[in-house]
Amino acid sequence: MSGDGGPLPAIGHIPFGHRSVAAADAAQPVALVRFTTEGEMQLGMFGDGFRFLVIDERCPEDRVYELTAVQPRKVLEVLVPAGTAIGSANDERHDALVARMEALFTGRPHLTVVGSAP
């Protein structure tokens with residue numbers, strides 16, 4: 001992306017897919033973006049072998065930040081315990097969850113009445 005604020009390219013399917021954390025290879029590096037119940041965004045990096053770049057278009061003179069602090073794997077195991085299901089855009093419930101989130105953010109219900117029965 002050139003910094004013009006245009007759409008992001010498709011990233012593709014996240015390797016975990018529908019599997020749980022327990023099914024993932026323990027040595028696989030993981031980048032984590034967590035939103036707390038208060039709405040705070042937290043970033044974490046677990047393992048080696050990749051770069052984690054954060055782009056903030058609100059800061060045009062300093063828009064790219066690299067997260068370099070690797071967290072201990074035990075922190076990831078606490079945040080995402082073994083057996084936790086990991087969803088993706090390929091889930092059968094994805095469209096319904098997107099509709100619910102949009103309703104939450106816009107204040108409009110995600111279900112509408114289409115008419116009453118005669």
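Guide: A salt bridge is a side-chain nitrogen of Lys or Arg within 4 Å of a carboxyl oxygen of Asp or Glu. The model is a predicted one, in which local features need pLDDT of at least 70, side-chain atom pairs count only at pLDDT 80 or more, and totals for chains, interfaces and linings use all residues. Residues are numbered from 1 along each chain as its sequence is written, and side-chain values use heavy atoms, with hydrogens and water left out.

The structure has three salt bridges. One of them joins R51 to E66, with 3.0 Å between the closest N and O atoms. This pair links distant parts of the chain, 15 residues apart: R51 lies in the loop between β2 (41–46) and β3 (52–55), and E66 lies in strand β4. Helices (H or I, at least four residues) and strands (E, at least two) are DSSP runs, numbered from the N terminus.

To say how open a residue is, use its relative accessible area: buried means under 20%, exposed over 50%, and partly exposed in between (1.4 Å probe, protein chains only). R51 is exposed because its relative accessible area is 61%. E66 has 31% relative accessibility, so E66 counts as partly exposed.

A second salt bridge is formed by the side chains of R58 and D56, at 2.8 Å from N to O. R58 counts as exposed because its relative accessibility is 72%, whereas D56, with a relative accessible area of 22%, is partly exposed. The remaining salt bridge pairs E57 with R63, and here the closest N and O atoms are 3.0 Å apart. E57 has 33% relative accessibility and therefore counts as partly exposed.

A69 is placed between β4 (64–67) and α1 (73–79). A69 is partly exposed, since its relative accessible area is 48%.

Now the whole chain. There are four strands and two helices, in the order β-β-β-β-α-α from the N terminus on. Of the 118 residues in the chain, 15% are buried. A contact means heavy atoms within 4.5 Å. Among contacts in the chain with a separation of 6 or more, 44% are between residues 24 or more positions apart.

Helix α2 covers residues 94–106 and contains M101. The expected span of a helix is 1.5 Å times one less than its number of residues. The 13 residues of α2 should therefore span 18 Å, which agrees with the 18 Å between its end C-alpha atoms. After α2 comes G107, with a positive phi near 80°. M101 is partly exposed because its relative accessibility is 46%. Together with L97, L104 and F105, M101 makes a nonpolar surface patch of about 470 Å². Patches are made of residues with over 30% relative accessible area and no salt bridge; like charges are joined within 9 Å, and nonpolar side chains (Val, Leu, Ile, Met, Phe, Trp, Tyr) within 5 Å. Accessible areas come from the Shrake-Rupley method with a 1.4 Å probe, and for residues only the protein chains shown count as cover.

Last, confidence. The predictor's confidence in each residue is pLDDT, from 0 to 100. The chain has a mean pLDDT of 75, with 76% of its residues at 70 or more. Over residues 1–19 the pLDDT is below 50, and this stretch has 25 contacts in the model beyond near neighbours in sequence. Where pLDDT is low, the predicted coordinates should not be read in detail.
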